[in-house]
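Subject: Structure handover

Hello,

Here is the structure I promised to pass on. My notes on charges and contacts follow below it.

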Amino acid sequence: MKTEMLGLILAGGKGTRLGKLTQNQAKPAVPFGGRYRIIDFTLSNCVNSGVRNVGVITQYQPLVLNNHIGSGQSWGLDGLDYKVTILQPYTDNRGSKWFQGTAHAIYQNIDFINQEDPEYVLILSGDHIYKMDYQEMLEEHIKNNASLTVAVIDVPWEEAHRFGIMNSDISGRITEFTEKPEHPKSNHASMGIYIFNWKRLKKVLEDAFATNDTMVDFGKNVIPYYLDSDERVFAYQFSGYWKDVGTVDSLWAANMEILDHKDVLDLNDRSWRIYSKNLIAPPELITDNAYIERSMIVDGCYVDGKVIHSILSTKVDVQKDATVIDSIIMPGVHIGKGAVIKHAIIGENAEIGDNAVIEPEKDEVVLVGNHERIGVLANEE
């Protein structure tokens, strides 16, 4: 059956600004909100939008991400009508297939896309936190008779230089696009979400790579080419919650917003569920000695200490008289007796020893990496 719109999630980024959290996994695999990973939001958006066929393009440290997605069962993407395909770099008799950029990643997977035979391709980033109905965006794309539609959100002016910035006319047609301008002319930022007419994009990419023209990135190369070629390129204005959690500070802040009732994501919304892999952990155990205030405690946690304004992810162990304040504790972390953690992110399966103290010298977020051991005595190694 012909696919009307094929979803392609770019999930191979290193996420270097997240430091120790991405040393052994890609950014989309980083935990978020207690029981999710970042890519869960994009995958769930696809399912909730009726995008039945999804390819996930990976590259950097894909093992955790591949294991998390598996067959796609957690998102209902393992049936006759819905499916997810992991697309990794490969080599053949023509040489290496490592992806050089976002557009190049799509070009290298042309065989897969042709096999699915879509009318439209939906290009997505796997490392943003948001809810969005892609079907509504497709309807706008068709109504405008567009060749390319770019999802746009207004960002604070002081952050505009970090994004692809565009201007459009009264009809929404984009007239100008600049990737990460030093002096932005507007604050209308690309969200890294695109709908292309596949036949046209395929020809553009094939012609470019056949003649060694530079066409490796959507923001730097493809969108400017479309504009110069007078293609019908339109903006799709998005006004909901959208967060790029690409830095330690932004990841911490986005998690804290859930606790501060600023959770416009509404993770309890049954009409737009965010799905994730179920780790089958036992219920949390809170002892009589524990004190908990304005916090999220997820399955499998053991709490015998004090937890204030913090998120404890799956299978976190907080021992007697330990204190956790304003912090995100990722899955599998052990926090020893009497330990103090303030304003921090503690990576997966880290171990904090008895009476260890982790707190910032200034107003910053302290980061402990995945599997890192702090304050653990040598005879406990």
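Where is the place of Glu-364? Glu-364 sits in the loop between β29 (357-358) and β30 (366-368). Keep in mind that this is a predicted model. Glu-364 has 43% relative accessibility, so it counts as partly exposed. Together with Asp-249, Glu-361 and Asp-363, Glu-364 forms a negative surface patch.

Now the salt bridges. The count comes to 17. Side chains of opposite charge can pair when their charged atoms come close.

Glu-372 and Lys-20: their side chains meet in a salt bridge at 3.4 Å, N to O. Glu-372 is in the loop between β30 and β31 (373-374), and Lys-20 is in the loop between β1 (5-10) and β2 (31-32), so the pair ties together parts 352 residues apart in sequence. Glu-372 counts as partly exposed because its relative accessibility is 24%. Lys-20 is also partly exposed, at 32%.

Arg-37 and Glu-348: this salt bridge spans 2.9 Å, N to O, between the side chains. The pair links distant parts of the chain, 311 residues apart. Arg-37 belongs to strand β3 (residues 36-37), while Glu-348 lies in the loop between β27 (344-346) and β28 (351-352). Are these two buried or exposed? Arg-37 is buried, with a relative accessible area of 15%. Glu-348 is buried as well, at 9%. The cut-off for buried is under 20%.

Lys-143 and Glu-140: the side chains meet in a salt bridge at 3.3 Å, N to O. Both residues are in helix α5, three residues apart, so about one helical turn separates them. Lys-143 is exposed, with a relative accessible area of 60%. Glu-140 has 30% relative accessibility and counts as partly exposed.

The network: salt bridges link Lys-27, Asp-127, Glu-159, Arg-162 and Asp-244.

Back to helix α5 for one more residue. The helix covers residues 134-143 and includes Gln-135. What does Gln-135 touch, leaving aside residues up to four places away in sequence? It touches Glu-4 and Ser-49. Gln-135 counts as partly exposed, at 25% relative accessibility. For a distance check, Gln-135 and Leu-65 are 26 Å apart in space, C-alpha to C-alpha. In sequence, Gln-135 and Leu-65 are 70 residues apart.

Best wishes

Terms used
Residues numbered from 1 in each chain as written. Predicted model: local features only at pLDDT ≥ 70, side-chain atom pairs only at ≥ 80, totals over all residues. Heavy atoms only, no water. Patch = residues over 30% accessible without salt bridge, like charges linked within 9 Å, V, L, I, M, F, W, Y side chains within 5 Å. Areas by Shrake-Rupley, 256 points an atom, 1.4 Å probe, with all protein chains shown as cover. Salt bridge = Lys/Arg side-chain N within 4 Å of Asp/Glu carboxyl O. Lys, Arg positive; Asp, Glu negative; His and termini not counted. Charge placed at Lys NZ, Arg CZ, Asp CG, Glu CD. Helix = DSSP H or I, 4+ residues; strand = E, 2+ residues; numbered from the N terminus. Buried < 20%, exposed > 50% of the residue type's maximum accessible area, 1.4 Å probe, protein only. Contact = heavy atoms within 4.5 Å.
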